[in-house]
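Dear colleague,

Please find below the structure that I am handing over to you. My findings follow it.

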Amino acid sequence: MFLEPQLNSYPHKPQSGWIEVVCGSMFSGKTEELIRRVKRAVIAQQKIQIFKPGMDTRYHESDVVSHNKNKLLSKAVNSAKEIMDHCRECDVIAIDEAQFFDAEIVPVCIQLANNGKRVIVCGLDMDFEGKAFGRMPEMMAIAEFVTKLHAICAQCGDVASYSYRLVDSQDKVLLGETNEYEARCRKCFYEEKKQEEKDHEAIIAQLGSRK
Ligand SMILES: [Zn+2]
């Protein structure tokens with residue numbers, strides 16, 4: 001389990017900032033982990049602001065809500081740069097659904113950490129095709145601490161790192177609800193993808209033979 005680092009042990013040294021990334025597939029408990037870390041910072045009497053992309057309104061306009069209904073107040077912003085306008089007084093900045101932010105999220109997080117803030121970045125590391133999602137790879141590279149969480153495969157009960165999309169849509173932004181996705185292990189994820197490709201090829205071949 002992640003424990004906040006004990007830093008700043010030299011006298012008269014200003015507070016050092018840092019970046020933490022919490023990533024993983026859907027149903028891996030990322031938002032629960034974000035909420036756990038934020039609650040601990042609240043107990044430590046630190047000033048916190050949670051941000052999320054304005055487009056993520058699947059449950060509530062201004063709450064960060066995990067699948068198990070745990071919630072904390074958050075601010076929806078339409079661009080990464082907007083985060084800078086709302087966190088001058090904060091000690092801790094938490095960013096949920098970070099994979100949906102624009103490319104500016106990287107320099108914004110660097111600047112916040114350089115200014116002495118603790119930045120917690122939470123998001124999906126892979127999309128439904130098993131490809132790296134948004135700026136998460138860069139965020140993982142520049143972070144001091146990376147926690148990759150895992151779900152349980154809905155097919156075989158193994159450890160799962162992939163978010164498999166059950167509905168047929170190419171929209172990358174289709175937001176996660178329990179009935180649209182399931183967590184899958186590598187084997188169950190790629191076996192099904194292979195089958196989908198075969199089915200797709202068969203349909204194309206069938207259409208071709210009708211001409
Ligand atoms: Zn599996």
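The protein has five helices and 12 strands; please note that the model is predicted. Of its 211 residues, 35% are buried. Where contacts join residues at least 6 apart in sequence, 71% of them are between residues at least 24 apart.

Helix α1 covers residues 30-43. The buried residues of α1 are Lys30, Thr31, Glu33, Leu34, Ile35, Arg37 and Val38. After α1 comes glutamine 45, which has a positive phi, near 60°.

I also examined cysteine 109, which lies in helix α3, residues 105-114. Is cysteine 109 buried or exposed? It counts as buried, because 28 C-beta neighbours lie inside 10 Å, where 20 or more are required. Leaving aside residues up to four places away in sequence, cysteine 109 touches Ile19, Val119, Val121 and Met139. Isoleucine 120 is 11 residues from cysteine 109 along the chain, and the C-alpha atoms of the two are 9.1 Å apart.

Yours sincerely

Methods:
Residues are numbered from 1 along each chain as its sequence is written. This is a predicted model: local features need pLDDT of at least 70, side-chain atom pairs count only at pLDDT 80 or more; totals for chains, interfaces and linings use all residues. Helices (H or I, at least four residues) and strands (E, at least two) are DSSP runs, numbered from the N terminus. The expected span of a helix is 1.5 Å times one less than its number of residues. A residue is buried if 20 or more other C-beta atoms lie within 10 Å of its own, exposed if 12 or fewer, and partly exposed in between; C-beta atoms are placed from the backbone. Two residues are in contact if their C-beta atoms, placed from the backbone, lie within 7 Å.
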